[in-house]
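Colleague: I have a model to go through and would like to know what stands behind the words used for it. Please show it, and then I will ask.

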Amino acid sequence: MRILVTNDDGIESPGLLALVQALRPIATVDVLAPDRNWSAASHQRTIDRPVRVRSTVLADATPALTTDGAPTDCVCLALTGVFPAPPSLVIAGINRGSNVGQDIVYSGTIAAATEAALRGVPGIAVSLADWTSTEFGAAAAFVVELVREVERNGLSTDTIMNVNVPAIPAEQIRGVAVTSLGYRMYGRQLERRSDPFGQPYYWLAASTSTDLAEPGTDLSALQGGFISITPLVVDRTHAPMLGELGRWTFRSRP
Ligand code: MN
């Protein structure tokens, strides 16, 4: 199996290195990641300027490619010929910080996996539920297990797997929970400050979120010490609303 490893934290992220090192024994691994942190960049595509790609090495001397493009640009490049062969699986991570609930709308990690699914290649997003921890072992080990399951069971090409791993010692992880998205909302308060000239500025990087950890959700699994795996699809159609909208009366005719 040929796997593309990318991320949104940037090529120098230790989570990326941990993922590459874990996957190398079981797959051919190509690495292409942004040259800076694109966290919360969502599904950005660079179309107003050229994108550069250059060779580099990871901290363990693994050859890699890096780009000034966004995470989704990385996946696009890999799936359109920047490597000798395209990957059959794209894995983004290991992200620093969880991607649960509404995070998936903002996340560049999820966007990278989504770009793969858009192009007919399954994508896996992997996140460690801590901003500073370097304990990637449990997350990396689970990804290896998941890749083996994908090989055994197959995976439809429009699938995105969103994996979140609690930042606790591996021996304390209680298992794997298949979950739905929970509820997480940021930024209910405006963070307004003043610069030295008395002008206001704002921080939109809210440090706190409102979380509702309903049973069966990713948030609940993480809080309970479980690895969470949530299957996602690209199609965001609001199915119940199709029937409802059909009953509305629109006067315009095509
Ligand atoms: Mn990130």
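Modeller: What follows is a set of questions about the terms, with the values set against the definitions. This is a predicted model, in which local features need pLDDT of at least 70, side-chain atom pairs count only at pLDDT 80 or more, and totals for chains, interfaces and linings use all residues. Residues are numbered from 1 along each chain as its sequence is written, and side-chain values use heavy atoms, with hydrogens and water left out.

Colleague: What makes the secondary structure of the protein chain come to seven helices and 13 strands?

Modeller: Helices (H or I, at least four residues) and strands (E, at least two) are DSSP runs, numbered from the N terminus. Counted in that way, the protein chain has seven helices and 13 strands.

Colleague: How do you know that the protein chain is as compact as a globular protein of that length?

Modeller: The radius of gyration is taken over C-alpha atoms, and the globule rule is 2.2 Å times the number of residues to the power 0.38. For 254 residues the rule gives 18 Å and the protein chain has 19 Å, which is close, so the chain is as compact as a globular protein of that length.

Colleague: Which residues are called protein donors of the manganese ion, and why?

Modeller: Donors are N, O and S atoms within 2.8 Å of the metal (3.2 Å for Na, K and Ca); water is not among the atoms, so sites may look incomplete. D8 (OD), D9 (OD), S39 (OG) and N95 (OD1) lie 2.1 to 2.3 Å from the manganese ion, so they meet the limit of 2.8 Å. D9 lies in the loop between β1 (2-6) and α1 (14-23) and N95 in strand β5 (residues 89-96), so this pair ties together parts that are 86 residues apart in sequence.

Colleague: Why is D9 called buried?

Modeller: Buried means under 20% relative accessible area, exposed over 50%, and partly exposed in between (1.4 Å probe, protein chains only). D9 has 15%, so it is buried. N95, at 6%, is buried too.

Colleague: What makes a polar contact between the side chains of D9 and S39?

Modeller: A polar contact is a pair of N or O atoms within 3.5 Å; within protein, one must be able to donate a hydrogen and the other to accept it, and residues adjacent in sequence count only if both atoms are side-chain atoms. The side chains of D9 and S39 have such a contact at 2.9 Å. The side chain of D9 also reaches the backbone nitrogen of R96 at 2.9 Å.

Colleague: Where does W38 lie, and with what is it in contact?

Modeller: W38 lies in the loop between β2 (28-34) and β3 (53-57) and is buried at 6%. Contact means heavy atoms within 4.5 Å. Leaving aside neighbours within four places in sequence, W38 is in contact with residues including D8, Q44 and D68. Its side chain reaches the backbone oxygen of G69 at 3.2 Å.

Colleague: Why is helix α4 called largely enclosed?

Modeller: Ten of the eleven residues of α4 (residues 108-118) are buried, so the rest of the structure largely encloses the helix. S107 caps its N-terminal end, with a side-chain oxygen 3.0 Å from the backbone nitrogen of T109.

Colleague: What makes R119 and E115 a salt bridge?

Modeller: Their closest N and O atoms are 2.6 Å apart, so the pair is within 4 Å. E115 is buried at 4%, whereas R119 is partly exposed at 35%.

Colleague: How many salt bridges does the structure hold?

Modeller: The structure holds eleven salt bridges. Another of them joins R49 and D68, with N and O atoms 3.3 Å apart. This pair links distant parts of the chain, 19 residues apart. In helix α5, E149 and R152 are three residues apart, about one turn of the helix, and their side chains meet in a salt bridge at 2.5 Å. E149 is partly exposed at 30%, whereas R152 has 60% and is exposed.
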